[in-house]
Amino acid sequence: MEFNDSLSTSMDDFAENIQDMEIPEQLPMMAVRDVVVFNYMIIPLFVGRPGSISAVNEAVNGDKLLMLVTQKDATKDDPDPEDVYQVGMVSMIMRTLKLPDGRLKVLVQALSKAQIKSYLQKDPHFRVEIELLEEPEAEKITVEDEALMRTVREHTEKIMSLRGILSSDLMMIINNIEEPGRLADLVGSNLRLKISESQQILETTDPIKRLRLVADLLNKELEVSTVQAKIQSDAKEEMSRSQREYFLREQMQALKKELGDEDAYGQEIDELRKKIKKKKMPKYARKEARKELKRLDMMHPDASESNIIRTYLDWILDLPWKKSSKDLLDLKVAAKVLDEDHYGLEKVKERILEFLAVRKLNRNSKGPILCFVGPPGVGKTSLGQAVARAMGRKFYRLSLGGMRDEAEIRGHRRTYIGAMPGRILQGLKNVKSNNPVFMMDEIDKIGADYRGDPSSALLEVLDPEQNSSFSDHYMNMPFDLSKVMFITTANRSDTIPGPLMDRMEVIRLAGYTLEEKIEIARRYLLPRQIVENGIKPSRIKLDNKTLQIIVTNYTHEAGVRNLERELGKICRKLARKIAEGGKGPYTISKNTLEKYLGPPRFIPDTELDTLMQPGLVVGLAWTEVGGELLHIETSILPGKGKLLLTGQLGDVMKESAQAALTYCRSRSKQLGVANNYFDTIDIHIHVPAGAIPKDGPSAGITMTTALYSAIVEKTVKKGVAMTGEVTLRGRVLPIGGLKEKALAALRYGINKIIIPYENEKDLVEIPPELRKKITFYPVKNMDEVIEIALGAFTRPSRKKSGSRKKK
């Protein structure tokens with residue numbers, strides 16, 4: 001309870017002035033919020049609403065009288081007549097001050113209690129007709145009335161004493177008031193009451209009844225203050241100064257219990273307790289949940305740590321500890337689903353069916369860790385979705401590309417602000433199953449910095465012997481990942497760390513042949529684009545010959561992503577024609593194809609042979625986008641034995657060039673050159689597409705053949721490409737990516753490939769229909785390579801060379 005000396009210092013003089021003042025029956029009215037104005041009050045008001053400012057301005061320009069009433073709902077900015085109380089105070093504006101923000105600060109005196117009879121105007125402000133409420137004076141103060149007034153004074157003094165704000169000046173003012181009504185108004189205006197209770201006091205005109213109402217409210221306030229003082233006394237004995245915040249919250253909680261208020265916090269604790277009991281989880285997880293719930297129960301709901309514990313308990317309850325999807329173990333149905341979604345990829349489908357077969361015989365078998373390695377657009381991600389559908393499991397995809405923070409996998413410790421579990425547990429929470437097909441895309445593009453190495457964190461996740469007790473930093477308890485079927489994808493395997501690679505079963509998706517691409521376009525890509533562009537299948541006619549032209553002349557890829565884009569471009573142009581009124585059907589043929597896709601983007605395969613000349617050899621490279629052709633050019637110039645390498649070659653390719661030169665120098669007799677021949681020339685080896693960095697050992701025999709070809713001035717046979725690493729002694733060592741390189745050669749019409757002898761075993765991975773179109777030449781040394789590529793070891797004589805020039 002807070003009193004203000006200025007409220008009562010001149011009440012007697014003020015009352016005498018009111019009696020002589022004439023109050024008109026019509027006045028401007030202003031609604032006030034969060035306060036009830038009583039008789040004899042002097043109160044400052046901040047006025048900001050347009051209607052209220054207008055009412056104040058009218059009063060200031062007139063007799064300075066204003067009707068003040070209280071709003072029922074303080075949140076309403078534009079109250080209607082039914083939103084305010086009908087009884088208020090006629091007040092006089094003593095002073096106004098305009099604030100910089102446009103508001104007014106108004107000091108008012110309450111003059112007389114009045115009631116609104118009718119509303120005369122609403123805009124721009126309320127103007128009302130009022131009736132003054134005469135307050136009857138007590139004819140005679142009885143003994144009972146005197147006792148009531150004394151009780152009010154004593155209770156007021158006790159409350160101020162309990163709150164430590166007792167003042168002799170204030171008590172003197174209260175003791176000098178002899179009228180029951182004025183005493184009730186003074187005490188009631190300073191109690192911390194609800195607006196409805198204060199309005200009830202205001203509307204009570206009988207002074208004795210009003211005083212009794214105030215006395216009842218004082219009794220309640222005194223009881224609360226007494227309990228509060230007792231709580232303070234008891235709590236101070238147990239709490240230190242450093243626990244002051246906790247002490248204050250304990251007071252509030254004790255007050256709620258004393259007043260019998262509903263304990264919503266307790267209900268929440270009970271609900272969490274029931275959920276923990278009902279949730280299926282391991283014993284250690286249930287023990288940890290109950291321990292944290294006990295801590296939460298002893299903590300105040302407003303404590304900062306309570307939110308952390310609540311969030312942690314929510315995670316424990318949301319994780320699928322023992323909730324699994326039921327596997328579909330019908331192998332025939334699974335094979336049918338895989339064939340519906342993907343064409344070819346027999347090795348991958350066979351591995352999935354093997355897993356289902358093992359699962360059918362042994363329900364406790366651990367989930368495999370598969371790694372699909374292949375160029376973009378071959379269907380790695382969609383294959384994972386098909387696997388989940390075939391097995392009847394949930395599917396979740398996580399992209400690892402560019403991830404550099406170990407906490408993304410293991411989670412943050414709960415001591416950090418905003419901590420949360422890692423992406424593994426987040427994914428399991430989202431799918432609500434502990435045995436989904438969990439795909440991790442772009443595992444070859446994981447980074448590392450000062451925040452840790454995510455690939456090292458994945459060692460535990462992707463190890464079947466360890467992931468049964470995977471520990472997330474946030475949860476700080478084991479979670480069983482052994483039922484999860486992890487599938488990772490990568491464009492290349494050489495950038496995957498060795499220990500991580502060792503934990504995965506690698507399945508390579510090399511790419512598609514021309515026939516496979518045509519079949520995929522016919523079965524999947526074209527129907528999907530027809531549906532997405534709103535075209536009826538009967539409106540478009542596209543035969544396999546036209547599809548072949550699109551594949552060979554408009555795309556250059558191992559997968560089918562660009563092929564689908566080209567088909568989508570055709571469908572969009574047809575959709576526009578149909579939307580403009582065309583009926584169709586539209587036939588897409590070789591003659592009309594350029595109208596939809598423009599001129600061909602790639603050189604036809606038949607023109608490759610026209611580019612061949614001495615010193616130019618076609619090699620095969622394996623990149624993250626599949627197999628590619630590598631043209632290596634060599635020129636012999638007069639000089640002093642320098643070797644110049646251009647084309648952004650890496651260290652390994654530079655070493656291959658040095659090995660090629662050493663081999664050719666050791667074959668000076670077969671080449672028909674003098675021993676000092678290499679000291680009189682400069683050799684320039686260039687690999688086109690100079691803006692693209694290149695590296696790898698598989699271009700060794702290609703560089704050697706190109707140098708040999710330039711020296712003997714002989715062109716490599718038509719349709720021949722090669723791949724293999726070379727040594728100083730001319731031995732040919734094995735390489736990787738043979739299938740991808742074979743597919744690239746086939747795209748360019750090359751039908752003869754020279755490969756290392758040790759790679760002959762890898763030919764079984766190449767489809768039979770592809771092996772029929774290409775002749776493979778396994779070789780053990782460079783002498784065999786030269787014989788196959790050039791057909792001779794010796795250099796033509798100058799005479800013959802001259803005769804060729806004559807011709």
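These legends go with a set of close-up views of one predicted model. Residues are numbered from 1 along each chain as its sequence is written, and side-chain values use heavy atoms, leaving out hydrogens and water. Because the model is predicted, local features need pLDDT of at least 70 and side-chain atom pairs count only at pLDDT 80 or more, while totals for chains, interfaces and linings use all residues.

**View A. Helices α12 and α13 cross at roughly 155°.** Here helix α12 (residues 331-341) meets helix α13 (residues 346-361), and their axes (lines fitted to C-alpha atoms over the stretch in contact, with angles from 0 to 180 degrees between N-to-C directions) come within 10 Å. Helices like these are DSSP runs of H or I with at least four residues, strands are E runs of at least two, and both are numbered from the N terminus. The angle makes α12 roughly antiparallel to α13 (that is, over 145 degrees). The crossing is right-handed, meaning the near helix is turned clockwise from the far one by less than a right angle. Look for L331, A334, A335, L338 and D339 of α12 touching K349, I352, L353, L356 and A357 of α13, where contact means heavy atoms within 4.5 Å. Sort these residues and you get eight nonpolar, no polar and two charged. For the sorting, Ala, Val, Leu, Ile, Met, Phe, Trp, Tyr, Cys and Pro are nonpolar, Asp, Glu, Lys and Arg are charged, and the others, Gly among them, are polar.

**View B. Helices α19 and α20 pack at about 115°.** Helix α19 (residues 514-532) and helix α20 (residues 544-554) have their axes 10 Å apart. On the α19 side, the contact uses L514, K517, I518, A521 and R522. Facing them on α20 are N544, L547, Q548, V551 and T552. This set divides into five nonpolar, three polar and two charged.

**View C. Helix α16 leads into K432.** Within α16 (residues 423-431), I424, L425, Q426, G427, L428 and V431 are buried (under 20% relative accessible area; exposed is over 50%, partly exposed in between, using a 1.4 Å probe and protein chains only). K432 sits in the loop between α16 and β9 (437-441). K432 isn't a glycine, yet its phi is positive, about 55°. K432 is exposed, at 51% relative accessible area.

**View D. Q648 also has a positive phi of about 55°.** Find Q648 in the loop between β18 (643-646) and α23 (651-666). Q648 is partly exposed, at 43% relative accessible area.

**View E. A cis peptide bond joins D123 and P124.** Omega is about 0° here, and P124 lies in the loop between β5 (104-121) and β6 (126-132).

Definitions and conventions. Parallel < 35°, antiparallel > 145°, perpendicular 65-115°, else oblique.
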